[in-house]
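Here is my note on the model, as numbered points. Please read it with the structure open.

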Amino acid sequence: MDRRPGVSARLKLTLSYVGFLALAGALLLAVVWVFLLRYVPDNSQGLLGVSPNRYLLVHTFAPAAAVAMAFLLVFGLVGGWILAGRMLAPLTRIRDAARQAGDGSLSHRIRMPGRQDEFRELADAFDAMLEQLESHVTEQRRFAANASHELRTPLAISRTLLDVAREDPTRDRGELIERLYVVNTRAIDLTEALLLLGRGDRGGFTREGVDLSLLAKEAAETLLPLAERRGITLDVTGGAARTEGSAELLLRMVTNLVQNAVVHNLPAGGTVTVHTEAHGATSVLRVENTGPRLPTLTEPFRRAADRVRTDEHAGVGLGLAIVQSVVRAHDGTLDLLPRPAGGLLVTVRLPGTP
């Protein structure tokens, strides 16, 4: 924003110091006049014929008072300028850091030395803001780069299939259409996951009362056919766990956790347990599954090599990243704990409601 140049804060503080000293000096002279000079007789003989009269005292005192006032003004200007500079020095460092952040340098920190005061609190708050901003910007840049790479893959495959069909008109069109359908479905799923991630990170949703136990049952019913095909036992236990948030996002969170527990499980004979409960002011959701000892990552698009699957439930690498985003948007916490015997224990804690 373009602004007209104005008086600096340092000059304003200096002038305020000078004004205060001038006012104090004027009040002091007024006190001298009211309580001293006004009681001195104003005649040619003075007091009892020996003391000077008011005329002599005024003419003797006035030049000295003028010199003292002039000294106060000069002293106020110089001292006020120095004091204002020392007082505003922390603001100068904060201003320089803000300008560097505006130019794109988010790694700079103020780290104000000295004891705690208002300026140090402001500098510490600014450093914390810069740290969070740098973390979010870095995460968004990495996310955008990975998303672009992931979206480019199905588009490149589609183009290759179309090029092959154009160069070979005798190729089976049914097979081509089926492969294009699979690739397009993956691209749509990936795009929806990206939109869901962005929505969760922004927190732009209407909050309403939600029972996690009902969402757990709904997700289990949806994924029960998948679990039965894989020979996995899917159980839902516990009681009501109420919270406030988006029912759609929370259902997607629970569904992703249950699907992740089913897909990354034992080849046969595995189990998945979904448990909900309320602990005071906290609503808890636990998803525990058997399976191999595998690393579990919540960073978007990052998966271990042995976790990448080729079936219809391979996902797009955003399952746990979406869970983390939804939990963060609902002011909750997400804990991922590998089980000693294999598998994973996922615990989601959200603010509860009566």
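**Notes on the predicted model**

1. Helix α1, residues 9-35, contains L23. Helices here are DSSP runs of H or I with at least four residues, strands are runs of E with at least two, and both are numbered from the N terminus. L23 counts as exposed because its relative accessibility is 51%. The cut-offs are under 20% relative accessible area for buried, over 50% for exposed and partly exposed in between, with a 1.4 Å probe and protein chains only. From L23 to M69 the C-alpha distance is 10.0 Å, at a sequence separation of 46 residues.

2. This is a predicted model, in which local features need pLDDT of at least 70, side-chain atom pairs count only at pLDDT 80 or more, and totals for chains, interfaces and linings use all residues. Residues are numbered from 1 along each chain as its sequence is written, and side-chain values use heavy atoms, without hydrogens or water.

3. Now the strands. β2 (residues 233-238) and β4 (residues 271-279) run parallel, joined by six bridges. Two strands pair if DSSP finds at least two bridges between them. G238 sits opposite T276 of β4.

4. β4 also pairs with β5 (residues 282-289), this time antiparallel, through eight bridges. H279 has T282 of β5 as its bridge partner. The two strands β4 and β5 make a hairpin with two residues between them. In that turn, G280 has a positive phi of about 65°.

5. Which residues have the most contacts inside the largest nonpolar core? They are M253 and L285, in a core of 36 residues. Such a core is a set of buried Ala, Val, Leu, Ile, Met, Phe, Trp, Tyr and Cys residues joined through side-chain atoms within 4.5 Å. At least two residues each come from α5 (212-229), α6 (247-263), β4, β5, α7 (319-329) and β7 (344-351). α6 gives the largest share, nine residues.

6. M253 contacts L285, V323, V326, V327 and V348, leaving aside neighbours within four places in sequence. Contact means heavy atoms within 4.5 Å. A second, separate core has nine residues, including I110, M112, F126 and L130.

7. Is V326 buried or exposed? V326 lies in helix α7 and counts as buried, because its relative accessibility is 1%. Residues up to four places away in sequence aside, V326 touches L249, L250 and M253. V326 and G245 are 81 residues apart in sequence, yet their C-alpha atoms are 9.6 Å apart.
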